[in-house]
Amino acid sequence: MPDSIVVCGTGIAGLASALGFRKAGFNVTLIGPRIAPESNPGDNWHPRVYALSPSSKKFLSSLGVWSLMDSNRITAVDAMEVYGDTDGVINLHAWQASQPALAWIIESGEIERALHQALQVFGVNWVEEKFSELKNGSLITDSGREITFELLVGADGAKSSVRAASGIYHNQKLYGHTGVVTHLTTHLPHQNIALQWFTDKTVLALLPLSNTSQGNQMSMVWSMPDHEANELMAMPDNTRKQNLEQKLQAIAGARVGAMQVRSQVYGFPLTFEKTAMFTNKIALVGDAAHRVHPLAGQGLNLGLGDVSDLISTVSSKEPWRKAGDSRVLERYARLRAEPIFAMRAVTHGLHTLFNVGSVPAMVLRNAGMHIANRLPFLKRALITGAN
Ligand SMILES: Cc1cc2nc3c(=O)[nH]c(=O)nc-3n(C[C@H](O)[C@H](O)[C@H](O)COP(=O)(O)OP(=O)(O)OC[C@H]3O[C@@H](n4cnc5c(N)ncnc54)[C@H](O)[C@@H]3O)c2cc1C
């Protein structure tokens with residue numbers, strides 16, 4: 001009888017965990033709400049999109065999920081232009097690191113739709129209830145159902161109840177910034193180039209998306225201080241749209257021509273969170289295990305890296321050990337320590353460097369960008385480091 005693995009959380013990290021463990025031959029139960037992604041959204045693109053790295057693409061392909069996604073809704077990022085707050089600039093091209101693309105931009109709903117489909121094909125047992133508590137080593141759902149497990153995977157997001165119930169160490173720091181997201185129609189085509197501006201205290205990213213009958217389309221992720229975001233979000237819809245368009249134009253200038261807000265605007269509070277990754281019989285993946293600043297668009301990529309490493313670690317355990325054996329989970333945590341540390345260091349470091357208003361810091365960061373732009377080996381490291 002294969003070990004029973006219970007995955008709690010039905011976001012992308014949880015769905016991918018359940019599918020991956022099932023495909024690896026484990027007995028899997030998935031717990032969490034089943035929210036059907038929109039099946040035919042046409043020209044309406046959901047504002048929640050992710051930049052998936054080549055490693056995430058490889059992992060989702062190994063699960064058979066990549067080919068289930070609609071190729072018309074996947075946009076390759078061939079290059080990236082990063083601008084500092086004076087004259088600093090870095091240009092990164094996929095070919096500089098022999099990659100097919102730097103990333104692929106995909107709506108969250110499209111990834112979820114493909115995962116739901118694959119889970120159905122593999123007949124994964126899905127309990128549409130919520131985790132409530134741990135009692136005598138079993139899991140209790142909100143309806144009082146008791147479920148036993150050899151390994152419980154906590155994939156229930158940043159406010160993880162599994163993490164809280166298991167007493168796993170967790171530390172949260174608020175950035176005092178909000179990520180504001182929406183989609184834009186741009187006058188000029190994006191040519192599959194992602195654009196990013198580090199301004200005084202904000203980071204603006206414009207990501208290429210498929211064009212629609214409304215025109216050229218880009219997705220905006222703008223991290224800004226909470227008070228600016230709150231002011232923006234409190235405005236009536238039309239005023240917010242105009243205000244946003246004026247501010248965007250002031251930063252992006254003529255780079256993509258005139259820009260119009262074309263979808264709803266959402267704000268996500270940004271936090272920096274650290275946890276221990278496991279305790280006996282319980283492992284955390286995705287946002288339950290870490291949260292990083294979205295300026296590098298790497299949160300979900302890190303989460304999928306967790307899922308991939310957890311499945312391979314548990315699959316290669318000694319036959320006499322159980323899936324939730326602390327020795328096995330310790331190996332998982334060791335494997336994840338370096339990529340998580342590196343991503344935290346880069347995103348937190350850049351956030352801090354560009355959040356300092358002093359003139360020496362401004363000169364230093366822009367000069368650093370000029371230097372980095374002239375060093376091919378550094379550019380290769382920047383591209384492959386984000387994989
Ligand atoms: C503005 C912004 C932009 C971003 N852009 C990118 C990007 O371009 N690329 C990238 O890689 N990352 C990006 N990220 C990060 C990314 O959004 C997260 O890392 C990712 O969504 C985390 O997925 P998850 O499955 O771990 O958690 P979640 O998506 O939060 O899923 C958690 C799931 O658990 C369920 N759940 C909660 N409580 C319970 C319970 N008690 N019982 C059962 N189920 C429960 C919830 O219903 C939910 O389905 C961005 C983040 C922000 C804020």
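Keep in mind that this is a predicted model. Its accessible surface comes to about 17,000 Å², with 54% of that belonging to carbon and sulfur atoms. The protein has 387 residues, and 52% of them count as buried. On the secondary structure side, you get 10 helices and 21 strands. If you take the contacts between residues at least 6 apart in sequence, 73% join residues at least 24 apart.

| Pair | Axes come within | Crossing angle |
|---|---|---|
| α1 (residues 12–23) and α3 (residues 108–121) | 10 Å | roughly 25° |
| α1 and α7 (residues 299–315) | 10 Å | roughly 25° |

Take α3 to start with. The axes of α1 and α3 cross at roughly 25°, and because angles under 35 degrees count as roughly parallel, α1 is roughly parallel to α3. This crossing of α1 and α3 is left-handed. On the α1 side the contact uses I12, L15, A16, A18 and L19, while α3 brings in S108, I111, E112, L115, H116, A118 and L119. Sorted by class, the residues of the α1 and α3 contact come out as 9 nonpolar, 2 polar and 1 charged.

What about α7? With axes crossing at roughly 25°, α1 is roughly parallel to α7 too. The crossing of α1 and α7 is right-handed. Here I12, A13, A16, S17, G20 and F21 of α1 meet L300, L304, V307, L310, I311 and V314 of α7. The contact of α1 with α7 has 10 nonpolar and 2 polar residues, with no charged ones.

Conventions. Residues are numbered from 1 along each chain as its sequence is written. This is a predicted model: local features need pLDDT of at least 70, side-chain atom pairs count only at pLDDT 80 or more; totals for chains, interfaces and linings use all residues. Side-chain values use heavy atoms; hydrogens and water are left out. Helices (H or I, at least four residues) and strands (E, at least two) are DSSP runs, numbered from the N terminus. Buried means under 20% relative accessible area, exposed over 50%, partly exposed in between (1.4 Å probe, protein chains only). Contact means heavy atoms within 4.5 Å. Accessible areas come from the Shrake-Rupley method with a 1.4 Å probe; for residues, only the protein chains shown count as cover. Axes are lines fitted to C-alpha atoms, for helices over the stretch in contact, and angles run from 0 to 180 degrees between N-to-C directions. Angles under 35 degrees count as roughly parallel, over 145 as roughly antiparallel, 65 to 115 as roughly perpendicular and the rest as oblique. A crossing is left-handed if the near helix is turned anticlockwise from the far one by less than a right angle, and right-handed if clockwise. Ala, Val, Leu, Ile, Met, Phe, Trp, Tyr, Cys and Pro count as nonpolar, Asp, Glu, Lys and Arg as charged, and the others, Gly among them, as polar.
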